[in-house]
Amino acid sequence: MSTTTTTTASTITADNILSLFPDIDTTSDALSGHDEEQIRLMDEMCIVTDNDDLPIGKASKKICHLMTNIDKGLLHRAFSVFLFNDKNELLLQQRATEKITFPDMWTNTCCSHPLSVSGETGSNLPDAIEGVKRAAQRKLDHELGIKIEQVPIENFRFLTRIHYKAPSDGKWGEHEIDYILFIKANVDLNVNPNEIRDTKYVTASQLKELFEQPDLKFTPWFKLICNSMLFKWWESLDGELEQYLNEQEIRRM
């Protein structure tokens with residue numbers, strides 16, 4: 001996408017995507033038969049980026065998650081929150097059966113997208129980090145009922161970005177530059193059942209045991225992060241985590 005790198009935040013539009021990807025799939029029948037609320041959320045506008053995380057346009061969540069479009073190179077910005085309590089246990093969630101992508105799979109505390117709206121965008125890394133932190137507050141409330149006062153924006157710690165691609169099924173998948181955020185907080189949960197089927201706090205050793213259970217399925221991004229970096233970061237949560245923060249390079253998975 002080298003021809004798109006001069007696009008600025010002020011010119012981000014859905015029309016940009018149609019010009020960059022003229023054969024993109026914008027049909028709506030892919031959503032037929034799915035949960036009504038989840039279909040509605042598929043209209044949210046994600047931030048489309050080039051391979052270096054520079055915003056080049058916006059497109060609906062539906063367009064961004066169709067494998068036909070992912071296979072044409074469509075890439076969007078995302079975030080993954082890892083929330084730990086004061087015992088350094090990690091809060092996991094099991095995605096609801098109603099979810100269109102990766103239903104019923106276990107994953108980290110909250111995984112979603114900053115939207116192409118004021119306060120959640122950013123064409124340089126510091127602004128983008130602030131945008132995903134605000135998006136994280138919004139989605140922690142929407143999915144888990146965690147109020148903003150319990151997860152102040154200054155308490156989120158940005159570690160790195162990962163670029164990965166993963167199919168969900170033959171129709172849907174992910175192709176994201178995913179911002180990894182840690183936060184330590186004791187929170188009250190009021191889970192949205194349309195988003196989350198179950199939750200669980202785990203220690204590092206308990207999570208490793210869960211991975212050994214053949215009946216449990218985990219999201220591909222969560223497995224990538226766990227297999228590469230998570231446990232090292234987890235060990236440093238109350239000590240040397242600073243050395244891992246604010247990584248500038250994108251990790252390609």
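Mentor: The expected span of a helix is 1.5 Å times one less than its number of residues. Helices are DSSP runs of H or I with at least four residues, numbered from the N terminus. This is a predicted model, in which local features need pLDDT of at least 70. Residues are numbered from 1 along each chain as its sequence is written.

Trainee: What span is expected for helix α5, and how far does α5 reach?

Mentor: Helix α5 (residues 125–144) has 20 residues, for which 28 Å is expected. From first C-alpha to last, α5 reaches 27 Å, close to that value.

Trainee: Why is α6 called roughly antiparallel to α7?

Mentor: Angles between N-to-C directions run from 0 to 180 degrees, along axes fitted to C-alpha atoms over the stretch in contact. Those over 145 degrees count as roughly antiparallel. Helix α6 (residues 204–211) and helix α7 (residues 220–235) pack at about 160 degrees. Therefore α6 is roughly antiparallel to α7.

Definitions and conventions: Predicted model: local features only at pLDDT ≥ 70, side-chain atom pairs only at ≥ 80, totals over all residues. Heavy atoms only, no water. Helix = DSSP H or I, 4+ residues; strand = E, 2+ residues; numbered from the N terminus. Parallel < 35°, antiparallel > 145°, perpendicular 65-115°, else oblique.
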